[in-house]
Number of protein chains: 2
Amino acid sequence: MSRPTLRDVATRAGVSTAAASLALRDLAGVSASTRESVLEAAAELGYVVNVAARNLRRQRTGTIGIYLPPGVTLQWYYADVALGVTDAAGARGVAALILPQSGDPRAFVPYTDGIVTIDVSREDATARALLESGVPIVTGEAVPEELPRPTGVVFVDHYARAREVLAHLVGRGAARIGVLLPPDDTVWGAEVARAVREFGGAETQSVSVAFSPTSDEIRAACARLVDVDAIIAIPDGTATSVAGFLRAHDHEIGSDVLLASYTDTLADRLLDPPVTALDLRPRELGARLATHLLDVLDGSAANPHEEFDVEWHFRASTRGRLID
Amino acid sequence: MSRPTLRDVATRAGVSTAAASLALRDLAGVSASTRESVLEAAAELGYVVNVAARNLRRQRTGTIGIYLPPGVTLQWYYADVALGVTDAAGARGVAALILPQSGDPRAFVPYTDGIVTIDVSREDATARALLESGVPIVTGEAVPEELPRPTGVVFVDHYARAREVLAHLVGRGAARIGVLLPPDDTVWGAEVARAVREFGGAETQSVSVAFSPTSDEIRAACARLVDVDAIIAIPDGTATSVAGFLRAHDHEIGSDVLLASYTDTLADRLLDPPVTALDLRPRELGARLATHLLDVLDGSAANPHEEFDVEWHFRASTRGRLID
DNA sequence: TTGAAAGCGCTACCAA
DNA sequence: TTGGTAGCGCTTTCAA
């Protein structure tokens with residue numbers, strides 16, 4: 001025997017399918033007694049709604065898609081964003097699926113009512129295609145100028161955050177600050193780079209590294225910094241290798257050389273000494289992305305651009321020699 | 001105007017919807033000319049199949065669910081497993097969604113045709129409920145005895161792998177080996193613990209830590225190890241903090257004290273020196289889980305238990321003093 | 001090889 | 001507040 005249908009429930013409760021439908025969704029239009037008997041019948045039969053039928057009728061999929069930046073391996077930050085999306089959507093009865101990165105992700109767009117994505121790169125042809133396809137799409141961080149505008153944006157003020165940590169380092173005695181910058185093909189990467197460029201409070205030295213640099217690449221980048229007394233490691237996880245480099249060269253982290261991480265990643269939390277880092281709250285960001293998209297889909301469209309607050313956690317790695 | 005339907009395509013091509021349906025799915029039963037005109041009409045109209053309608057008709061959802069172990073934060077390993085599932089399922093035209101961890105994950109089971117999960121703990125009531133619910137479910141690693149049997153299992157021989165690294169360390173001169181063990185509420189955790197317990201080639205000292213230990217907890221655990229010359233860090237990411245502890249105590253990693261990580265995690269790869277680690281190939285494991293489940297759903301059921309091979313990558317952190 | 005048509009299970013409309 | 005019913009778009013069976 002197969003799964004019981006709404007008709008089965010209605011029959012058992014002695015009401016119409018229409019009434020049963022309303023009762024099960026806790027909507028108005030049925031008497032309390034009808035509702036009770038429907039619920040009872042449903043429980044007895046073990047009724048679960050047929051999602052496909054409901055979706056067909058409602059002309060939607062009940063699912064949103066998550067498009068993550070392509071890359072061999074998933075950074076912790078994005079994984080957490082994805083979980084945030086999943087939970088927030090789930091709380092509103094909507095499922096979230098991650099678009100496959102192999103093959104054409106667009107094949108799964110029809111499975112969804114809309115897409116959330118994050119850190120769109122101007123080099124990413126798939127992201128461009130998605131933006132051009134016209135599906136509702138909400139992005140974390142702004143989208144580079146040359147790409148079509150998304151439906152909504154949830155953004156962090158990276159210019160301000162980068163200035164903040166630069167000022168902090170100066171306050172702790174730094175005079176020559178090295179920065180390991182990611183590629184500037186994303187808006188946030190470009191904003192951080194601009195903040196460093198325009199900062200006048202100290203000498204800054206920028207070195208570009210990959211978005212997901214290897215340990216060797218990071219060490220090589222560190223070696224190119226000349227006589228710095230502070231380093232800001234921007235890409236996710238980079239601080240770990242920078243710390244290794246500094247120790248290998250007998251620098252005391254937090255006094256000889258200050259170290260700040262732009263991503264408060266799991267790896268950083270396991271470092272010693274604890275590293276000053278920007279808590280990007282990926283999970284909450286994911287939740288905001290999902291909520292924003294669902295609001296758009298519901299028509300209860302809010303502001304298309306909303307800012308997302310993040311803050312620095314100052315820890316021992318930037319204590320400095322001035323204060324003890 | 002809304003999205004074109006199959007009927008629109010058929011009308012335009014001058015054929016029946018039945019023929020159009022076959023042609024679009026590249027099935028037999030239509031002439032070459034019919035197929036061609038259908039494909040042309042579909043392209044012109046920009047036809048995309050209505051997933052909900054197809055699913056309703058086919059009596060399935062075209063989606064599988066991923067249930068990840070509950071926890072505050074996502075370990076890199078699980079994130080990669082999830083991506084592997086997503087890609088492998090996607091290649092077969094099936095979407096994969098992560099069951100929300102907040103709220104009742106079972107609410108989304110009706111959205112799926114089956115579930116994959118991993119590292120089932122005997123303490124996890126939700127996993128138990130899922131296993132009891134009767135949905136097809138394939139697990140990574142075996143399920144503890146006291147829980148219902150899953151439909152399929154893809155497992156690693158952790159007993160053998162743990163012995164392997166113990167023997168390796170002995171071969172590199174270790175005589176007193178400390179092991180940071182995870183809780184044994186999972187089968188794999190228990191298997192590793194058993195391998196350590198039964199190993200006779202050296203003195204072993206086990207210390208239990210949490211599944212996702214904090215840096216402080218790991219350091220405390222290290223401090224309890226007495227005069228060891230090698231440490232195996234089992235939980236994901238733990239090696240980072242162990243390395244920090246060792247350096248803080250002026251131990252040279254790879255000579256004074258050997259260090260092996262049981263999870264070849266991103267964080268470990270950024271460590272210095274490179275850490276000997278077990279490459280668990282999470283992505284491939286995820287792919288195998290998805291494939292296994294889809295085979296079950298197709299009825300082309302393979303072996304319910306299949307082994308998954310992983311191997312150690314021996315690196316500088318276990319070079320030892322013997323060889324130089 | 002072709003076309004007609006039933007019907008998957010649900011929601012929403014309409015009339016009572 | 002109730003019940004009857006149309007129909008979402010597709011796949012599949014059945015006859016031609």
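Modeller: In the largest pocket, α4(B) provides the largest share of the lining, namely six residues. Here helices (H or I, at least four residues) and strands (E, at least two) are DSSP runs, numbered from the N terminus. The model is a predicted one, in which local features need pLDDT of at least 70 and side-chain atom pairs pLDDT 80 or more, while totals for chains, interfaces and linings use all residues; side-chain values rest on heavy atoms, with hydrogens and water left out. Residues are numbered from 1 along each chain as its sequence is written, and chains are lettered from A and ligands numbered from 1 in the order in which they are written.

Grid points are joined across faces, edges and corners, and the volume is the space filled by probe spheres set on the points. On this basis the largest pocket has a volume of about 1500 Å³. Its lining comprises 45 residues, and those nearest the centre are R3(B), V48(B), V49(B), N50(B) and V51(B).

Elements of chain A and chain B share in this lining. From chain A, α4 (51-58), β1 (63-67) and α12 (282-298) each give at least two residues, as do α2 (17-24) and α4 (51-58) of chain B. By class, the lining has 21 nonpolar, 13 polar and 11 charged residues; Ala, Val, Leu, Ile, Met, Phe, Trp, Tyr, Cys and Pro count as nonpolar, Asp, Glu, Lys and Arg as charged, and the others, Gly among them, as polar.

The second largest pocket holds about 1200 Å³ of space. It is lined by 38 residues, of which R3(A), V48(A), V49(A), N50(A) and V51(A) are closest to its centre. In this second pocket the largest share, six residues, is that of α4(A), and at least two residues each come from α2 (17-24) and α4 of chain A and from α4 of chain B. Its lining divides into 16 nonpolar, 12 polar and 10 charged residues.

The same surface is used by both copies, since 100% of the contact residues of chain B recur in chain A.

In the interface, 51 residues of chain B are in contact (heavy atoms within 4.5 Å) with 52 residues of chain A. Between the chains about 4100 Å² is buried, 63% of it from carbon and sulfur atoms; this is the accessible area (1.4 Å probe) that two parts lose on being put together, summed over both.

Two salt bridges are counted between chain B and chain A, each defined as a side-chain nitrogen of Lys or Arg within 4 Å of a carboxyl oxygen of Asp or Glu. D272(A) forms a salt bridge with R219(B), with 3.8 Å between the closest N and O atoms. The peptide bond from D272(A) to P273(A) is cis, with omega near 0°, and P273(A) lies in the loop between α11 (266-269) and β10 (276-279) of chain A. In chain B, a cis peptide bond likewise joins D272(B) and P273(B).

How values were computed:
1 Å grid on protein atoms, 1.4 Å probe; cavity = no way out; pocket = protein on both sides within 12 Å on 5 of 7 lines; lining within 4 Å.
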